[in-house]
Amino acid sequence: MKIVTVTSRLFAANAYVVVCERSGVAAVVDTGEDGSGIPEAIERLGARLDKILITHGHLDHVGGLAPLKRRYPEATIHAPAGDVPLIERAAAQGAAFGVPVEPPPPIEVLVRDGDRVAVGETIEFEVLATPGHSPGGVVYYEPRAGVAFVGDTIFQGSVGRVDLPGGDGRTLLRSIEQRILQLPDDTRLLSGHGPPTTVGFERRNNPFLQPGVRLD
Ligand SMILES: [Zn+2]
């Protein structure tokens with residue numbers, strides 16, 4: 001699996017282009033606030049975009065859905081059922097930040113905990129429900145590659161904010177402990193913002209994941 005990171009200008013949100021190297025089929029995980037830079041990355045890779053996978057419904061992850069879908073109408077949009085109401089309010093979320101956001105097109109495939117999402121011939125994501133940062137947020141985990149796209153649940157040395165609508169600190173810590181920290185220590189975690197990290201590094205060093213810490 002080849003992975004290219006595209007970081008958005010305004011919110012420094014990471015979108016990831018993942019490519020099955022055997023077939024040249026690609027998926028994008030999250031879109032930044034406007035999708036800019038993603039088509040260029042896909043073209044450079046010579047890949048064919050098949051799916052757009054959304055971790056959660058905040059505008060800096062879904063604002064690029066409309067322009068990407070326009071450019072790649074054959075790519076299907078996958079997003080967590082529990083965050084569809086947030087996604088449908090993306091334009092209003094943008095307005096709250098003074099950022100123009102195009103209303104996203106309809107979500108075509110709702111993903112739920114335990115679902116599998118294939119990309120080409122060599123990539124198969126498992127969907128892990130990880131609510132807390134948002135009501136319906138999910139992680140896309142690829143066990144053979146040892147990579148998890150974790151959205152804004154966990155960052156190198158930090159965790160997602162829980163003060164946005166539908167956020168909840170206890171729920172977020174439970175999601176991280178029960179779903180993300182259960183993955184093998186060398187699993188690479190690719191976050192919605194900031195640099196990559198690993199499960200083992202965060203278990204040992206993340207101050208929010210030490211015994212007795214509460215987040216509420
Ligand atoms: Zn977020």
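Which residues line the second largest cavity? The second largest cavity is lined by V6, T7, S8, A13, A15, T31, G32, G35, S36 and I38. The structure is a predicted model, in which local features need pLDDT of at least 70 and side-chain atom pairs count only at pLDDT 80 or more, while totals for chains, interfaces and linings use all residues. Residues are numbered from 1 along each chain as its sequence is written, and side-chain values use heavy atoms, with hydrogens and water left out.

**First sheet**

- Six strands make up an open sheet of mixed pairing, in the order β1-β2-β3-β4-β5-β6; strands (E, at least two residues) and helices (H or I, at least four) are DSSP runs numbered from the N terminus, and two strands pair if DSSP finds at least two bridges between them.
- At the edges stand β1 (2-7) and β6 (109-111), each with a single partner strand, so one side of each has no neighbour in the sheet.
- From one strand to the next, the twist averages 25 degrees.
- Strands β1 and β2 (residues 14-19) run antiparallel and are joined by six bridges.
- Within this pairing, V4 stands opposite V17 in β2, and T7 has N14 in β2 as its bridge partner.
- The hairpin of β1 and β2 has six residues between the strands, and A12 takes a positive phi near 50 degrees there.
- Helix α1 (residues 38-45) lies across β1, β2, β3 (25-29) and β4 (48-53), and runs at about 20 degrees to β2. Contact means heavy atoms within 4.5 Å; axes are lines fitted to C-alpha atoms, for helices over the stretch in contact, and angles run from 0 to 180 degrees between N-to-C directions.

- Another open sheet holds six strands in the order β7-β8-β9-β10-β13-β14, and the pairing is mixed.
- Here β7 and β14 (197-198) are the edge strands, each with a single partner strand, so one side of each is left without a neighbour in the sheet.
- Strand β13 (residues 188-191) pairs with β14 in the antiparallel sense over two bridges, and L189 stands opposite T197 in β14.

- On a 1 Å grid over the protein atoms alone, a cavity is a set of points where a 1.4 Å probe fits but cannot get out; a pocket is an open set with protein on both sides within 12 Å along at least five of seven lines, and lining residues have an atom within 4 Å of a point.
- The whole structure contains two cavities of 30 Å³ or more, a volume being the space filled by probe spheres set on grid points that are joined across faces, edges and corners.
- The largest cavity holds about 60 Å³ of space, and its lining includes T55, H56, T130 and D152.
- That lining divides into two nonpolar, eight polar and one charged residues; Ala, Val, Leu, Ile, Met, Phe, Trp, Tyr, Cys and Pro count as nonpolar, Asp, Glu, Lys and Arg as charged, and the others, Gly among them, as polar.
- The second largest cavity has a volume of about 30 Å³, and its lining has four nonpolar, six polar and no charged residues.
- The largest pocket has a volume of about 280 Å³. Of the 16 residues that line the largest pocket, H58, L59, D60, F97 and L164 are the closest to its centre.
- Two or more residues of the pocket lining come from each of α2 (59-62) and α5 (90-96).
- By class, the pocket lining has eight nonpolar, four polar and four charged residues.

**Salt bridges**

- The count comes to ten salt bridges, each a side-chain nitrogen of Lys or Arg within 4 Å of a carboxyl oxygen of Asp or Glu.
- D113 forms a salt bridge with R179, with the closest N and O atoms 2.9 Å apart.
- D113 lies in the loop between β6 and β7 (116-119) and R179 in helix α6 (residues 169-180), so the pair ties together parts that are 66 residues apart in sequence.
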